[in-house]
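Here is a short report on one protein chain.

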Amino acid sequence: MITLSGLNAGRGVAGLMDGDRALAWICLGLPSLGLLLFFVYPMLIVFVKSITNLDGVYTLDNYVEVLNSTGFWRAARHSMVMGLSTTVISVILGFIIAHGLHRCAFRGKWLIRGAIVLPLLAPSLVQGLGLIFLLGRNGLVNRFFGLELDIYGFWGLMIANTLYALPQAVMIIGASLVLLDARTYEAAEVTGATPWQQFRDLTLPASRFGVLNAAFVVFIITITDFGNAAVIGGDYSVLATEIYAQVIGQRNFNMGAVVGIMLLLPTVAAYFIERQAMKRQQGTKAGDTLPFVPRFRPLRDIPMAGLCFAACTAIVAVIGVMIFASFVHLWPYNYSLSLRHYDITLAGGYSSLWITIVISVMSATGGTLAVFLLGLGMRRIAGRVARTLQVLAAMPAAVPGMVLGLAYILTFNSTATPLYLLYGTAALIAIVNFYHYHTQAFLTTMTGFRQLPGAYEEAASSLGAGMGRIAINVVAPFIAPMLISVFFFIFMRSMVTLSAVVFLTTPELNVAAVTIMRLDDAGLTSQAAAFSTCLMAVVMAALLGMKGMLAYYRRKKPFNTAG
């Protein structure tokens with residue numbers, strides 16, 4: 001097979017400036033310019049602000065003041081304790097559920113898969129809202145059992161963060177368990193290894209990188225989350241709420257930038273360690289893995305099924321009670337069903353929901369086009385430029401949403417730059433949403449490009465097709481499933497994200513997740529639940545739409561890739 005790089009090399013010097021080459025540089029240049037303007041530049045502004053005092057003088061006084069603040073160290077200690085405790089619990093539960101789904105035989109796995117997706121359909125603060133209705137002072141448990149549980153603070157926040165991060169842990173660990181070859185277990189059985197010995201000597205060592213990867217992802221999610229901390233954290237301050245207090249509460253942007261840099265350090269370190277673990281895991285991947293089909297073993301599968309259903313029951317209970325509360329006439333005194341809480345008149349009513357849908361469509365459309373062009377350009381322009389851009393394109397995942405949102409308000413709220421025209425517009429929120437999830441979208445698209453055989457482009461080129469026609473008629477149809485997944489991924493995350501946009505909304509331009517937070521802050525918890533339910537319905541419809549489009553495309557796929 002002649003590779004594309006070989007084709008490019010064969011074109012020689014004469015081909016360097018032809019139309020295709022110019023188009024390739026345009027494909028590479030436009031997304032790169034976007035990365036520089038909307039990721040690199042704002043992050044530099046955050047750093048500069050962190051070393052600038054109120055008089056505009058460069059100094060380290062801001063860092064000295066923050067490091068001498070007991071409030072900062074308390075929030076940092078809380079964040080680390082919360083991150084570590086949530087990580088331990090989430091990874092243990094995630095391993096149990098993933099092992100139950102992929103290595104055990106029992107009925108009802110579709111229920112577990114359905115339940116585990118629920119936290120991904122809503123902003124993180126929904127877990128906090130559900131826990132308030134379930135375990136709060138006026139929650140179901142306290143009312144029916146006469147208890148006085150206080151869910152606000154460490155325990156409530158840890159439970160909420162665990163439920164929010166658990167799906168990520170299950171998916172990552174599950175992906176590592178799927179890679180285990182059934183023939184290895186068959187050989188172990190032939191040699192007389194017991195199920196426990198197989199688990200200890202085969203399953204655990206092979207899944208260690210998946211567990212390590214899941215641990216770092218959960219840790220990053222936990223210490224950077226703002227929604228649950230704002231709703232149920234109470235007096236248990238963490239770094240994410242400390243940034244919000246500095247910027248929104250005290251209007252001290254420079255100190256907010258310092259705290260943002262501090263929050264960036266552990267997440268960047270965790271991100272790069274997680275990347276190394278991911279590479280090691282991919283290095284152990286077998287090319288012809290035989291899928292493992294578990295056989296029913298009562299002593300193993302019945303307890304595992306019980307643990308899996310118990311964990312998923314907690315997820316369903318928290319989200320289910322929030323949905324139920326949205327239909328209750330007056331919580332917790334009158335449980336008759338009513339739609340009165342869906343008549344939202346405060347915080348702009350449902351206008352923020354429609355605005356969020358429009359913003360999410362903008363973000364998904366522009367984002368999908370950007371990563372497609374970037375991948376197309378990198379496929380044509382190999383070498384040091386492409387490798388540098390690949391590293392740059394993967395960096396946004398290491399930046400917490402709160403820090404990116406802070407970077408945007410510092411950058412685009414300044415009249416010293418023409419980019420100020422974007423401040424307060426839906427376009428800017430769409431842009432920050434895209435760059436918040438740029439890494440996942442880029443890596444997914446590149447996976448599609450790697451699966452594209454170079455012979456397809458070679459055949460089209462030999463028939464006289466230029467790069468533009470090849471991109472439209474060959475490349476795009478082949479990687480369409482990846483592009484569909486990227487579009488809906490960006491759309492769904494844009495619908496529910498809170499941390500990256502909380503600094504960028506205005507009274508005239510609000511988004512759904514911020515509206516939920518403001519309704520809860522105003523004491524309208526039932527209306528916040530109603531709004532959350534509507535938001536989840538939109539995201540669920542998008543998820544079903546994505547599955548339907550992918551199923552349709554698989555039946556109509558234009559290329560036979562079996563060979």
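Helices here are DSSP runs of H or I with at least four residues, and strands are runs of E with at least two, numbered from the N terminus. The model is predicted.

**Annotated domain**

UniProt lists residues 76–274 and 353–544 for "domain: ABC transmembrane type-1", in an unreviewed entry. Such annotations may be inferred rather than shown by experiment. Over residues 76–274, the chain is 78% helix and 0% strand. The end C-alpha atoms of that segment are 21 Å apart. Over residues 353–544, the chain is 75% helix and 0% strand. Here the end C-alpha atoms are 19 Å apart.

Arg-183 lies in helix α9, residues 182–190. Arg-183 and Gly-349 are 166 residues apart along the chain. Their C-alpha atoms are separated by 58 Å. Arg-183 is partly exposed, at 38% relative accessibility.

**Salt bridges**

Side chains of opposite charge can pair when their charged atoms come close. The count in this model is 6 salt bridges.

| Pair | N to O distance | Relative accessibility |
|---|---|---|
| Arg-295 and Glu-189 | 2.8 Å | Arg-295 51%, Glu-189 33% |
| Arg-200 and Asp-201 | 3.0 Å | Arg-200 38%, Asp-201 43% |
| Arg-300 and Asp-301 | 2.6 Å | Arg-300 23%, Asp-301 0% |

Which parts of the chain does the Arg-295 and Glu-189 pair link? Arg-295 sits in the loop between α14 (253–283) and α15 (298–326). Glu-189 is in helix α9.

Arg-200 pairs with Asp-201. Arg-200 is partly exposed, and Asp-201 is partly exposed as well.

Is Asp-301 buried or exposed? Asp-301 counts as buried because its relative accessibility is 0%. Its partner in the salt bridge is Arg-300, which counts as partly exposed.

**Cysteines**

How many disulfides does the model hold? The count is 0. A disulfide needs two cysteine sulfur atoms within 2.5 Å. The sulfur of Cys-104 has its closest cysteine sulfur in Cys-308, 7.0 Å away, so the two are too far apart for a bond. Cys-312 is in no disulfide either. The nearest cysteine sulfur to Cys-312 is that of Cys-308, at 6.7 Å. Cys-104 is buried, with 0% relative accessibility. Cys-312 is also buried, at 4%.

**Second largest pocket**

This pocket holds about 490 Å³ of space. Its lining has 21 residues. Which of them lie nearest the centre? They are Arg-103, Gln-198, Phe-292, Arg-297 and Arg-300.

Helices α4, α9, α10 (195–206) and α15 each give two or more residues to the lining. The most come from α10, with 5 residues. By residue type, the lining divides into 12 nonpolar, 3 polar and 6 charged.

**Second largest cavity**

The model has 3 cavities of 30 Å³ or more. The lining divides into 5 nonpolar, 3 polar and 1 charged.

Definitions and conventions:
Residues are numbered from 1 along each chain as its sequence is written. This is a predicted model: local features need pLDDT of at least 70, side-chain atom pairs count only at pLDDT 80 or more; totals for chains, interfaces and linings use all residues. Side-chain values use heavy atoms; hydrogens and water are left out. On a 1 Å grid over the protein atoms alone, a cavity is a set of points where a 1.4 Å probe fits but cannot get out, and a pocket is an open set with protein on both sides within 12 Å along at least five of seven lines; lining residues have an atom within 4 Å of a point. Grid points are joined across faces, edges and corners, and a volume is the space filled by probe spheres set on the points. Ala, Val, Leu, Ile, Met, Phe, Trp, Tyr, Cys and Pro count as nonpolar, Asp, Glu, Lys and Arg as charged, and the others, Gly among them, as polar. Buried means under 20% relative accessible area, exposed over 50%, partly exposed in between (1.4 Å probe, protein chains only). A salt bridge is a side-chain nitrogen of Lys or Arg within 4 Å of a carboxyl oxygen of Asp or Glu.
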